Amino acid sequence: MTLLDTSGLVGDTYRRLAQQHNLKIDSRAQFLGYCSRIMRSVIIDLVRERNAERRGGGAQKITLSTALGESETADDEPLRIDDALADLAKLEPRLAQVVEMRYFGGYDDEEVAEALGVTTRTVQRDWQKARILLQAMLSDPE
């Protein structure tokens, strides 16, 4: 079983960040947002890799264990959330950023508020609204 814990996620994020030689980050807020996107990418890539191995036979189960969740994640849940988040970003970009930073980045309300230049209460309202919208998107059988 391959385990992606907080240290592994941060390590992979740092490696990807270090590979960006021409990256120009002007503020802490921009850095937090960029790191959240990288963390999202690391998690989604790992889930996709696991699913590809499963289709090939002889695959091992991979558990995502981060500060983002205390229980084992359902097999395709991160992929479904990633797809729903992409749809949400088309409708409400800031809501998608809040989810990305909280769910994938593990940032608290104050850090997200600082990064987005809004109040903590706004982040809390955005988080609540985003959760409702994502729940509706994820429960829709298509």
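User: In which helix does Glu100 lie, and does Glu100 count as buried or exposed?

Analyst: This is a predicted model, in which local features need pLDDT of at least 70 and side-chain atom pairs count only at pLDDT 80 or more, whereas totals for chains, interfaces and linings use all residues. Residues are numbered from 1 along each chain as its sequence is written, and side-chain values use heavy atoms, with hydrogens and water left out. Glu100 lies in helix H4 (helices are DSSP runs of H or I with at least four residues, strands are E runs with at least two, and both are numbered from the N terminus). At a relative accessibility of 7%, Glu100 counts as buried (under 20% relative accessible area is buried, over 50% exposed and in between partly exposed, with a 1.4 Å probe and protein chains only).

User: Which residues does Glu100 touch, not counting residues up to four places away in sequence?

Analyst: A contact means heavy atoms within 4.5 Å. With residues up to four places away in sequence left out, Glu100 touches Gly33, Ser36, Arg37, Arg40, Leu85 and Gly105.

User: What does the secondary structure of the chain come to, and what percentage of the 142 residues do buried residues make up?

Analyst: The chain has 6 helices and 2 strands, and reading along the sequence gives the pattern β-α-α-β-α-α-α-α. Buried residues make up 35% of its 142 residues. Among contacts between residues at least 6 apart in sequence, 67% join residues at least 24 apart.

User: At what angle do the axes of H4 and H5 cross, and which residues meet there?

Analyst: Axes are lines fitted to C-alpha atoms, for helices over the stretch in contact, and angles run from 0 to 180 degrees between N-to-C directions. The axes of H4 (residues 93-104) and H5 (residues 109-116) come within 10 Å and cross at roughly 135°. H4 and H5 are therefore oblique to each other (under 35 degrees is roughly parallel, over 145 roughly antiparallel, 65 to 115 roughly perpendicular and the rest oblique). On the H4 side Arg94, Gln97, Val98, Met101 and Arg102 meet Asp109, Val112, Ala115 and Leu116 of H5. By class, this contact of H4 with H5 divides into 5 nonpolar, 1 polar and 3 charged residues (Ala, Val, Leu, Ile, Met, Phe, Trp, Tyr, Cys and Pro are nonpolar, Asp, Glu, Lys and Arg charged, and the others, Gly among them, polar).

User: Where does Ala115 lie, and which residues does Ala115 touch, not counting residues up to four places away in sequence?

Analyst: Ala115 lies in helix H5 and is buried, with a relative accessible area of 16%. Leaving out residues up to four places away in sequence, Ala115 touches Ala29, Leu32 and Met101. Ala115 and Gly33 are 82 residues apart in sequence, yet their C-alpha atoms are 7.0 Å apart in space.

User: At what angle do H4 and H6 pack, and at what angle do the axes of H5 and H6 cross?

Analyst: H4 and H6 pack at about 95° with their axes 9 Å apart, and that makes H4 roughly perpendicular to H6. Arg94, Leu95, Val98, Val99 and Arg102 in H4 meet H6 residues including Val123, Trp127, Ala130, Leu133 and Leu134, and the residues of this contact of H4 with H6 divide into 8 nonpolar, 1 polar and 4 charged. The axes of H5 and H6 come within 8 Å and cross at roughly 105°, which makes H5 roughly perpendicular to H6 as well. In that pair, Asp109, Glu110, Val112 and Ala113 of H5 meet Thr120, Val123 and Gln124 of H6, with 3 nonpolar, 2 polar and 2 charged residues in the contact of H5 with H6.

User: Which residues touch the most other members of the largest nonpolar core?

Analyst: In soluble globular proteins, nonpolar side chains tend to be buried together. Here the largest nonpolar core has 31 residues, of which Leu85, Leu88, Val99, Met101, Phe104, Tyr107 and Val112 touch the most other members (a core is a set of buried Ala, Val, Leu, Ile, Met, Phe, Trp, Tyr and Cys residues joined through side-chain atoms within 4.5 Å). Helix H1 (6-18), helix H2 (28-56), helix H3 (77-91), H4, H5 and helix H6 (120-139) each supply at least two residues of this core, and H2 gives the most, with 10 residues. Tyr107 touches Leu32, Cys35, Ser36, Met39, Met101, Arg102 and Val112, not counting residues up to four places away in sequence.
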